[in-house]
Amino acid sequence: MTSALREAEGIHALSIPTPFAVGRVNCYLIDDDPLTLVDTGPNSGKALDELEQALREHGRRIEDLQRIVITHQHLDHLGLVGILARRSGAEVCALDLLAPVVEEFAAHAERDDELAEALMLRHGIPRDVVTALRAVSRSFRAWGGSAPVDRPLADGEDLGFASRTLRVLHRPGHSPSDTLFWDAARAVLIGGDHLIGHISSNPLVSRPLGGRSGEPGDGRPRALTTYLRSLEETRAMPVEVVLAGHGVPVTDHVGLIDERFRMHERRARKIHGLVAERPLTAYEIAQSLWGNVAVTQAYLTLSEVLGHVDLLLDREEIRESEVGGVIRFEAS
Ligand SMILES: [Zn+2]
């Protein structure tokens with residue numbers, strides 16, 4: 001990790017605790033002009049405390065921050081944005097399509113939950129599970145946060161510093177707003193959750209935000225298909241190190257992406273085998289694959305199944321039919 005980070009030159013990983021299963025999140029302090037923090041950690045006293053401590057280890061305080069950059073819309077990456085922006089006066093930068101989410105996090109999360117609820121019922125998840133999950137999601141929302149976005153960034157735009165330039169790249173899939181920051185001169189990619197070494201980034205089905213994430217109302221969002229397309233583009237880049245949102249930096253992005261491609265293909269084949277026996281809802285497929293999953297995992301596993309079902313639908317290996325508002329999949 002140290003050698004990879006030495007190459008990243010002037011970028012320090014700050015590991016901040018989260019209350020989520022994913023564990024700690026990496027925020028990155030870019031020691032340049034302007035002094036920049038990429039991602040904030042979740043909105044909790046513990047996260048704020050540890051962030052202050054981590055900054056102190058680099059001789060910095062929250063008040064010294066001049067720029068805050070957000071990689072994507074998830075709680076653990078943007079929760080403290082409001083508090084940090086108020087205390088430091090730093091300019092908040094985010095992809096233009098992400099800006100409305102950063103500015104009104106709770107309202108956006110509510111609309112995402114409405115989509116999730118409709119999808120879960122349509123794909124066979126029992127109503128009591130859906131109701132329970134909605135309540136869990138509402139309580140999680142407190143770890144989010146909002147701030148005015150001073151500088152919306154366009155896909156492909158350059159974000160300048162005194163001694164580096166970061167190219168802004170919209171690469172949706174894990175979330176509709178995933179944004180990469182590419183330092184071509186150093187071959188360093190700040191990746192958010194686009195590519196993580198020790199876990200595969202779940203493409204969670206969420207409301208499209210436009211651009212490469214698709215337009216709202218275009219039918220069921222196809223998160224995995226979008227994600228695989230984004231990974232293809234990253235694979236083609238001459239990256240030496242990916243500074244990931246969780247875990248250690250990734251130094252073999254091509255090998256890791258190829259491994260992810262194989263894993264998704266295996267899972268698609270397995271699902272094809274299941275629906276070849278009899279028509280199944282996405283919920284029944286998830287139960288066959290993982291047993292009775294915890295309520296909190298119900299939407300995650302549904303997203304996972306739907307992603308692979310999309311791959312099979314695209315190849316016309318399966319088809320879907322609807323009875324009484326519930327979708328079942330069967331082999332073609
Ligand atoms: Zn994420």
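Let's start with the open sheet, which is built from 6 strands in the order 1-2-3-4-5-6 with mixed pairing. Strand 1 (11–16) and strand 6 (151–153) are its edge strands, each pairing on one side only. From one strand to the next, the twist averages 20°. Please keep in mind that this is a predicted model.

At one end of that order, strand 5 (residues 91–95) and strand 6 run parallel and are joined by 3 bridges. To find your way between these two, look for Cys 93, which stands opposite Arg 151 in strand 6.

## Helices across the sheet

Helix 2 (residues 45–57) lies across strand 1, strand 2 (25–30) and strand 3 (36–38), and runs at about 150° to strand 1. Helix 4 (residues 81–88) lies across strand 3, strand 4 (67–69) and strand 5, and its angle to strand 4 is about 165°.

## The zinc site

Now turn to the zinc ion. Its coordinating residues are His 72 (NE2), His 74 (ND1), His 174 (NE2) and Asp 193 (OD), at 2.2 to 2.3 Å. Along the sequence, these donor residues follow the spacing H-x1-H-x99-H-x18-D.

What about the geometry? The arrangement is irregular because the 4 donor atoms around the zinc ion subtend angles of 87 to 170°.

Technical notes: Residues numbered from 1 in each chain as written. Predicted model: local features only at pLDDT ≥ 70, side-chain atom pairs only at ≥ 80, totals over all residues. Heavy atoms only, no water. Pairing = 2+ DSSP bridges. Helix = DSSP H or I, 4+ residues; strand = E, 2+ residues; numbered from the N terminus. Axes fitted to C-alpha atoms, helices over the stretch in contact; angles between N-to-C directions. Contact = heavy atoms within 4.5 Å. Donors = N, O, S within 2.8 Å, 3.2 Å for Na, K, Ca; no water. Tetrahedral: all angles 85-135°; square planar, octahedral: opposite > 155°, others 65-115°.
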